[in-house]
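The exercises below are meant to be worked through slowly, with the sequence and the structure side by side. Try each task on your own before reading its solution.

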Amino acid sequence: MEGTVLTVGDPSVSIGRSGANSISLPDPAVSLEHCVITGSDGELTIDSLDPANPVYVNSLPVIHQLLHDGDRVRIGDSVFIVEVQGRGDDPPSMAKPIVERRRGANIVMRLRREDVLFSAHEASTFPTSSREASDLRALTKIATAITAIRHIVQLQGPLLDLVFEAVPADRGTIVLVDETGRALSPVVSSDQLGAARRSVIVNRRILDVALREAVAVMGTEERDGDRLQDSGTASVVVAPLVAFDHVLGAIYLEATGRGSGFDEAHLRLLSVISGMTAVALEHGRQVERLDRQNRRLLAAIGLQHDMVGASAAMRDLHDRIDRVARSDATVLLRGESGTGKELAARAIHQNSARASRPFVAINCAAITETLLESELFGHERGAFTGAAGLKHGKLELAEGGTVLLDEIGELPLSLQAKLLRVLQEREFERVGGTRRLRVDFRLVAATNRDLEEAIKTGRFREDLYYRTAVITLNIPPLRDRPDDIPLLASHFVRIHAKRARRTVTGFSPDALECLSRYEWPGNVRELDNAIEHAIVLGSSETILLEDLPAVLIERATAAGSRPTGYHDAVREAKAQLILTALARSGGNCAAAARSLGLDRNYLHRLIRNLKLRPEIA
C-alpha cells in the first residue's frame with residue numbers, strides 16, 4: 001500500500017487484520033479489529049479497539065487521539081502519515097526600529113472608521129468626479145495587490161507605491177506594532193519620484209494619537225530644515241491598521257513641499273486603504289505563524305525513531321538528533337549503560353541521507369583485541385592461523401552508511417591509532433593485505449566511560465577524542481526523566497505480553513508507584529528486564545506489586561513508596577534477621593553472611609537497600 005492515499009470521512013475507516021475492516025493489514029502484530037479513524041467537522045480522531053495493543057501516534061501509545069497534519073500513525077509494522085494542510089516558507093525579516101521626532105504638532109482632524117463606512121454606505125452615486133474615479137482605480141489596484149501577495153514584508157513595498165499614486169505624499173512608511181507595543185518600520189518607502197529608499201522620521205505625538213485612539217489623524221508639524229531642504233510646515237496623515245479591534249500599526253504619510261498638503265478626502269481614502277490592509281496583514285501574520293508552528297511540529301514528529309519518551313529531556317534529545325542527522329558530522333553519544341545509546345544512533349542513521357545504506361554496530365568491549373582488528377578492517381586469506389579466506393571488515397560493509405562503535409572507551413590503544421588514521425584518510429588496509437581501500441561511512445561513537453579521565457590516565461588518545469567528539473549528545477538516565485517510566489513500562493508490557501501470549505492490561509497503583517520511585521541504576525534496560533520478570537511470573541491481567549523483582553520492591557520501599565502490609569512485614573523480617581546475625585557475629589559481615597547462607601556482597605546490598613547502616617553503627 002506504499003504511496004496509497006486514503007480519504008477519511010463518513011463513514012469511519014476501520015483498520016485491522018480481519019478482512020471485514022475497511023483496511024486489512026496481514027500483519028501478526030495487528031489485532032483483528034485494531035483501530036478506527038473518524039472524520040467529523042473537519043477533524044480526524046483515532047480510537048484504539050484493543051487496549052493491550054494500542055496505536056502509536058508519533059511514537060507514543062494512544063487510546064483516543066485527535067490527529068493533526070503530519071502525525072505519524074504506526075499500526076503494527078505499517079506507518080500512515082496524516083495530511084491536512086501544506087507547508088510554507090518564512091519571509092525574509094526586514095524589520096528595524098523607526099526614527100522618531102519628538103516635537104510639537106497640531107491635530108487638525110480625527111476620522112473614525114465608522115464615519116468612513118457610513119459615508120461610503122450613504123453615497124447615492126459613486127464616482128461623481130474625476131478625483132473619485134481616480135481614487136476608485138487606486139483602491140481597485142490596492143485590493144488586487146492585497147489579495148495577490150501573501151507575506152507581510154512582500155506586501156508593504158507595493159502597497160506604499162500604490163498609495164503614492166492616489167495621495168500626494170512626499171514620503172511615508174508602514175509602522176507595525178510588535179507584541180511588546182514597540183513600533184517597528186519593516187519597510188522604508190520611496191518618494192513619488194522613485195528616489196532611493198531611506199528612513200522616514202515620524203512625529204511620535206501624531207503617531208501615538210492614531211495608535212492609542214485607533215483613529216485616522218491629519219495634522220501639521222513645524223520643520224526647522226534639519227533634514228535635506230525641509231523647512232516650514234509639513235502636512236502629516238496617519239491611518240491606523242485595525243483588524244478585529246486590534247491595532248496592528250499605522251500607515252504614516254507626510255508632504256513637505258510648498259503648496260502641498262492633505263485634505264479630508266485624502267484622510268478618508270487612506271482610512272479605507274488602511275482598513276483593507278489591516279485585515280490582509282492580520283491574515284498574513286496568522287498564516288506565517290501557522291506555517292512556523294507547522295514546520296516545528298513536522299520537524300518534531302517527522303523524526304523516525306524507536307525511542308519511547310515524552311519528557312522535556314527526551315523532547316530536547318529528539319530535536320538535537322533531528323538537527324544532527326542532517327549532516328555527516330561524527331557524533332559521540334554519552335550516557336550510562338542501558339539508556340538507549342544504540343537507539344539514538346539508529347535514529348541518527350534513519351533520519352540522515354544515508355538511511356538507505358547499511359547501519360553496522362560494533363561493540364568494542366565484547367570482542368577481544370586480536371579479533372576486533374579483523375572485525376573492523378577484515379583480513380586477507382592466510383593473514384593468520386585460521387584465516388582460510390578473504391573476510392570483509394565491518395567498515396567495508398558499511399560503505400555509504402553509518403558505523404556505531406559502541407563502548408569506544410574500551411578500544412585498545414593500538415586500534416585507536418588505526419581508527420584515527422581511517423577517520424582522517426578515509427582509507428585502510430585489511431589485516432595481512434597491502435592494497436589500500438577507500439571507505440565512505442559516518443561514525444557514531446558511544447561510551448559510558450569518562451573519556452576525559454581516560455585521557456589523563458593514558459587509556460584513550462586525546463586526538464581520537466577530539467576527532468570523535470565533533471558533536472556530543474548526552475542521553476539522559478531514566479532517573480532524570482521519571483515522567484517517561486509509565487510510558488516505557490506500558491511499552492514493554494505490550495512487547496513481553498505478546499511474546500508470552502498473555503493478556504495484560506496495565507499496573508496496579510502500588511506497582512506503578514513502586515516503578516516510579518525506584519532509581520533504576522540499570523536505566524531502561526533494567527526496566528525492560530523488570531517488566532519481563534513481572535509478565536512471566538504474574539498470573540492476573542494486571543501487574544501487581546508482588547510480581548515485580550524483589551530487589552526493586554526493597555529499594556523502592558526504602559525510598560518511601562507505599563507497598564502492601566505483606567511487603568512491609570517481609571522487609572521488617574529481613575531487617576531483623578540481618579541485625580540478629582550481625583549481633584551474634586560481633587559485627588563481622590562475612591560471618592553473618594555465612595550464618596544466613598548469603599553471599600557477602602548480597603548481604604552488603606541488603607544492608608544498603610534496607611538502610612541498616614545507622615543501626616549497625
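Axes are lines fitted to C-alpha atoms, for helices over the stretch in contact, and angles run from 0 to 180 degrees between N-to-C directions. Helices (H or I, at least four residues) and strands (E, at least two) are DSSP runs, numbered from the N terminus. This is a predicted model, in which local features need pLDDT of at least 70 and side-chain atom pairs count only at pLDDT 80 or more, while totals for chains, interfaces and linings use all residues. Residues are numbered from 1 along each chain as its sequence is written, and side-chain values use heavy atoms, with hydrogens and water left out.

**Exercise 1. Describe how helix α13 and helix α15 cross, and which residues make the contact.**

Solution. Begin with the axes: those of α13 (residues 485-500) and α15 (residues 523-537) come within 9 Å and cross at roughly 45°. This makes α13 oblique to α15, since angles under 35 degrees count as roughly parallel, over 145 as roughly antiparallel, 65 to 115 as roughly perpendicular and the rest as oblique. Next comes the hand of the crossing, which is right-handed; a crossing is left-handed if the near helix is turned anticlockwise from the far one by less than a right angle, and right-handed if clockwise. Contact means heavy atoms within 4.5 Å, and on the α13 side it is made by Ile-485, Leu-488, Ala-489, Phe-492, Val-493, His-496, Ala-497 and Ala-500, which meet Val-524, Leu-527, Asp-528, Ile-531, Glu-532 and Ile-535 of α15. Finally, sort these residues: eleven are nonpolar, one is polar and two are charged, where Ala, Val, Leu, Ile, Met, Phe, Trp, Tyr, Cys and Pro count as nonpolar, Asp, Glu, Lys and Arg as charged, and the others, Gly among them, as polar.

**Exercise 2. Carry out the steps of the first exercise for helix α8 and helix α10.**

Solution. The helices α8 (residues 369-377) and α10 (residues 413-425) pack at an angle of about 10°, and their axes are 11 Å apart. It follows that α8 is roughly parallel to α10. The crossing in which α8 passes α10 is left-handed. From α8 the contact takes in Glu-369, Leu-372, Glu-373 and Phe-377, and from α10 it takes in Ser-414, Leu-415, Lys-418, Leu-419 and Val-422. Of the residues in this contact of α8 with α10, five are nonpolar, one is polar and three are charged.

**Exercise 3. In what order do the strands of the five-stranded open sheet stand, and which strands are at its edges?**

Solution. Strands of a sheet pair through backbone hydrogen bonds, either parallel or antiparallel. Two strands pair if DSSP finds at least two bridges between them. Here the order is β2-β1-β3-β4-β7, with mixed pairing. The edges are β2 (23-24) and β7 (64-67), each of which has a single partner strand, so one side of each is left without a neighbour in the sheet. Now follow the pairs: β3 (residues 35-40) and β4 (residues 43-48) run antiparallel and are joined by six bridges. Within this pair, Val-36 stands opposite Asp-47, and Thr-38 has Thr-45 as its bridge partner. Moving on, β4 and β7 are also antiparallel, with four bridges, and here Asp-47 has His-64 of β7 as its bridge partner.
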